[in-house]
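Here are my notes for you, as numbered points. Please keep the model open beside them as you read.

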Amino acid sequence: MNGKYPRYRQNRKRTGVFIRILIFLILMGTTALSNALPNKTVYVAGDGSGDFNCDGSNDQVEINQALAYIAENPQFTTVHLKGPNTYVISNSIFIGSDTVLEGDPTAVIKLEDKAEWPSGKPLITQMDSAGNHDIIIRGFEIYGNHDNNKDKRKGEGYYNLIHFLNSKNIQVHDMYMHDGHGDGLRVESSSYIQFYNNKVYKLGHDGLYAIGCQNVEAWNNRITCRTDSGLRTWDSNHVKFHDNVIDSFYHWSAGSSGIQIEKSTGVVNDVDVYNNTIYNTYGPGIWLIGYGKSYPKEEALNVHIHHNTFYNTGTNPSIDWVGGIVTSGFYDTLIENNVFDGVYHAAVTHMYPTGKGYPVDLSPKGEGYTTIFRNNIILNTKKRTKDPSETGYAVINYLPETHTFVLENNCLYNNIAGDYVNAGSTSDIHAKPLFADQKNHDYHLKSTGGRWNGKTWVKDLVSSPCIDAGYPSSDYSKEPGNNGNRINIGRYGNTEYASKSGVMPGYVMWWNQVFSPEWRVLRLFLRTFFIVCLNILY
């Protein structure tokens with residue numbers, strides 16, 4: 001019996017060795033297999049280090065060779081443009097299905113000087129004229145080189161940066177697109193379009209323009225408009241535009257609205273626009289317009305515009321259709337929980353452009369169009385520059401025979417001409433909203449019960465009259481505890497950052513306020529004062 005234990009231990013030792021050898025062989029095999037697999041990325045460079053190498057002239061040749069190689073070899077998926085390098089192109093770049101075109105942030109695709117391309121010819125487009133699918137473009141810079149191609153006019157189809165037709169599953173993200181003649185991304189008759197995390201600056205038309213598309217989403221973009229809109233759809237449906245920051249630079253060519261939703265012959269009955277900050281736009285902050293032959297209600301409704309911030313929108317001195325939101329031709333539009341601060345003309349207006357600027361008839365042909373406007377804050381509305389008489393109101397309806405406003409539980413304050421033209425409300429309040437820091441566009445409501453300051457909850461000496469003053473049937477479930485069982489008016493109503501209800505005993509309120517971050521300077525002053533006094537006494 002004693003002889004069995006050594007043999008058992010010996011067998012167990014051999015087994016352990018065999019297991020270790022087996023694990024080693026498996027790891028070696030896995031490593032060898034992974035090394036045998038091809039890299040799925042093809043590199044393009046300007047310094048000779050790429051699989052395809054450019055020389056700074058007609059660089060689309062090598063880029064297209066790389067993209068064609070990807071299309072012909074499905075084990076590869078990605079073409080990567082190495083930076084720092086500027087790839088100068090004299091013809092279009094063509095991308096196929098199931099392909100990623102990416103680059104370093106220092107990789108730049110640049111249109112050549114004096115390109116002389118015809119209208120409708122883009123810098124980047126699809127390989128198959130019938131349509132492509134599952135394409136990602138990300139990570140690099142496209143320079144439209146406007147100033148060295150001034151023989152072509154902006155907004156007439158020249159040098160669109162990216163264009164797709166009859167395509168599906170297109171993503172454009174983390175790009176820098178600037179100084180062009182046309183659109184940043186133009187998509188037509190396509191579906192499932194995503195446009196996000198892009199920086200767009202001074203293009204010659206729209207940042208994103210979707211025509212006859214389905215399932216379009218744009219978010220977290222930073223856009224400065226030049227000739228037309230930041231984000232635009234025409235006869236497109238199932239649209240979400242959210243969490244974007246859009247403005248315009250001030251110039252006679254600075255163009256139109258921050259966001260434009262347009263309907264003529266298509267169905268537009270599912271549009272959600274929210275959490276955007278739109279300011280200093282040359283045209284209106286948002287332009288929502290339906291026109292053309294008479295259409296059924298079901299083709300132009302369910303547009304929801306909510307939780308956006310507008311300030312100083314409508315600076316254009318040459319047109320009259322400016323303001324916060326300009327709309328016509330849509331049924332049951334719901335505009336709620338927005339802030340309009342210092343916009344020109346009016347916060348919301350029923351009207352459409354007429355005259356030489358728009359030779360096409362944009363008038364809606366039906367009637368019974370309704371805009372529901374609730375839980376918004378409107379203050380400091382200014383007169384528009386062009387034909388300022390009878391402007392500067394909170395709400396203006398220039399189309400009372402066919403359009404109606406339903407105004408519910410808004411807060412109106414200090415609008416230069418007054419509150420309403422061809423509209424009215426029995427539930428709006430007229431009071432100073434008491435923002436946390438209006439000068440710096442912090443539109444959280446002051447509250448003795450608690451206000452979010454971007455980092456933590458603080459308590460104020462006063463509470464805004466907009467707390468717990470919203471439309472009684474509006475949802476308030478996203479607001480934090482102590483919400484008064486009623487939505488707040490303004491940008492943060494029914495969000496996790498809504499200011500809290502409730503009051504505190506005076507001594508608690510003062511104690512919390514003295515030790516809040518906002519009173520830090522006063523505390524430092526008092527501390528210095530007492531130190532000086534003590535030094536004098538002793």
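1. Let me begin with Asp361, which is partly exposed because its relative accessible area is 44%; the class lies between buried (under 20%) and exposed (over 50%), with a 1.4 Å probe and protein chains only. Lys365 is partly exposed too, with a relative accessible area of 44%. The side chains of Asp361 and Lys365 meet in a salt bridge, 3.1 Å from N to O. A salt bridge here is a side-chain nitrogen of Lys or Arg within 4 Å of a carboxyl oxygen of Asp or Glu.

2. A word on the source: this is a predicted model, where local features need pLDDT of at least 70 and side-chain atom pairs count only at pLDDT 80 or more, while totals for chains, interfaces and linings use all residues. Residues are numbered from 1 along each chain as its sequence is written, and side-chain values use heavy atoms, with hydrogens and water left out.

3. How many salt bridges does the rule give? The count comes to 14. Some share partners: Asp206, Asp228, Arg232 and Glu262 are joined in this way into one network.

4. Do look at Asp247 and Arg222, whose side chains form a salt bridge at 3.2 Å, N to O. Asp247 belongs to strand 22 (residues 245–248) and Arg222 to strand 19 (residues 222–225), so the pair ties together parts that are 25 residues apart in sequence. Asp247 is buried, with a relative accessible area of 10%, whereas Arg222 is partly exposed at 31%. Helices (H or I, at least four residues) and strands (E, at least two) are DSSP runs, numbered from the N terminus.

5. Lys297 and Asp332 form another salt bridge, with their closest N and O atoms 3.0 Å apart. Lys297 sits in the loop between strand 26 (286–290) and strand 27 (303–306), and Asp332 in the loop between strand 29 and strand 30, so this pair ties together parts that are 35 residues apart in sequence. Both ends are partly exposed: Lys297 has a relative accessible area of 36% and Asp332 one of 30%.

6. Now to the aromatic pairs, of which the structure holds 13. Rings of Phe, Tyr and Trp (its six-membered ring) pair if their centres lie within 6.5 Å; planes under 30 degrees apart count as stacked, over 60 as edge-to-face and the rest as tilted. Why is the pair of Tyr196 and Trp219 stacked? The ring centres of Tyr196 and Trp219 are 4.3 Å apart and the planes are at 5 degrees, so the pair falls in that class. Tyr196 is in strand 15 (residues 191–196) and Trp219 in strand 18 (residues 214–219), 23 residues apart.

7. The rings of Tyr331 and Tyr369 have centres 4.6 Å apart and planes at 40 degrees, so that pair is tilted. Tyr331 is in the loop between strand 29 (325–328) and strand 30 (333–336) and Tyr369 in strand 33 (residues 369–374), so the pair ties together parts that are 38 residues apart in sequence. Both tyrosines, Tyr331 and Tyr369, are buried. Elsewhere, Phe52, Tyr69 and Phe76 form one aromatic cluster.

8. Finally, the whole chain: the protein chain has four helices and 43 strands. Buried residues make up 51% of its 538 residues.
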